[in-house]
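The following paragraphs lead through selected local features of the structure shown here.

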Amino acid sequence: MAERKLIIGYYGNGKSTNRYHIPFLMRRKSTITVKTIYARTLRNDWARWDGVKYTDNADELLNDPEIDVVVVTTPSQAHYTVAKQVIAAGKNVVLEKPFTQSVEESQELFDLAKEKGVMIQGYQNRRFDSDFLTTQAVIASGKLGELCEVEMHYDYYRPQTPEGIDRYSKDESYIYSHACHTADQVLSYFGTPDRIVYDVRQLLGQGRMNDYFDLDFFYEKGTDKYDVMPGGLKVSVKSSYFRVKERPSFVVYGRKGMFIKTEKDKQEADLKKFYLPDHKDFGLDLPENYGTLTYYDKDGRYHEESVETVQGDNGRYYDALYETVINGAPPLVTEEQTMTQMRILAEATAHLK
């Protein structure tokens, strides 16, 4: 007998639900069904998905015994309040990024979920970006030798964004809305660092939007995933709104070589063009987009070679969610990882005003 499907409902019907969630379920109809989408006000901003019930009555979502998980895609300011409602209804819940607005809110939600016997988890789909997966594969190959430094960049040239905001708000800060992607990648692969150095700025001056951050994660010892040079490993996460030309997505330096992946994962770019995951070439790199691995082998011979990009698939988050809810597997995104990230975001923004 085939395993039963995972039944999902969405609390929110905006860009997140329609661009970054449901399209990835097009390939997963045999295991996952989207039953209901709730929005306080139903509009026609997005084309409606076949077979999905749309409602402006939250009770139809929260009190439906068939729905296993409610995915909350509201603005982050509402995550805490909505998640409490979902937990109180006895439903498992997935929260979009950033998880909540504070460490205290996040911990309360985890505690409430335990009391109610349900799961709560952050939506960390960017663990399955192609550039990140390719970088992991290169590290795992051992060709770089012991690692000494990793640089991760997530840049834009969008000066109009910070220039158009004349006040500071943590909710709208660049680090709060974007480091929730990159910091999670660091924590998920390298683990919790021994220390962090923060450089978080308001380039337009105090009282303006946070528009730049540079976080340095220091690891004194390696794990079974990778080897680190005796002096330790530094992983830097850097982002800015004022980069006319983006810095490489990933650069990794080791004792024997280096790897550079210039271009980011293409899934988001394809989604913005409404080129969806039902296309076989969705999110795929062309050869000119591949990264470059340069290293010396064990015989001292020099190599420089192109590295084919590992195919990304943000929908693999949902594959893991299925295994957790239906088959009892451990959550992909752990409470410890989420709480560590929330503490990082709190510490990084503590001095801003």
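Proline 98 is placed in the loop between β5 (92–95) and α4 (103–116); helices (H or I, at least four residues) and strands (E, at least two) are DSSP runs, numbered from the N terminus. The model is predicted: local features need pLDDT of at least 70 and side-chain atom pairs pLDDT 80 or more, while totals for chains, interfaces and linings use all residues. Residues are numbered from 1 along each chain as its sequence is written, and side-chain values use heavy atoms, leaving out hydrogens and water.

The peptide bond that leads from lysine 97 into proline 98 is cis, with omega near -15 degrees. Phi of phenylalanine 274 is positive, near 60 degrees, although the residue is not glycine. Most residues other than glycine have a negative phi, and most peptide bonds are trans.

Is phenylalanine 274 buried or exposed? Its relative accessibility is 56%, so phenylalanine 274 counts as exposed; buried means under 20% relative accessible area, exposed over 50%, and partly exposed in between (1.4 Å probe, protein chains only).

Asparagine 18, by contrast, is buried, with a relative accessible area of 6%. This residue belongs to helix α1 (residues 15–21). Leaving aside residues up to four places away in sequence, asparagine 18 touches Asn13, Pro23, Trp46, Ala47 and Trp49, where contact means heavy atoms within 4.5 Å.
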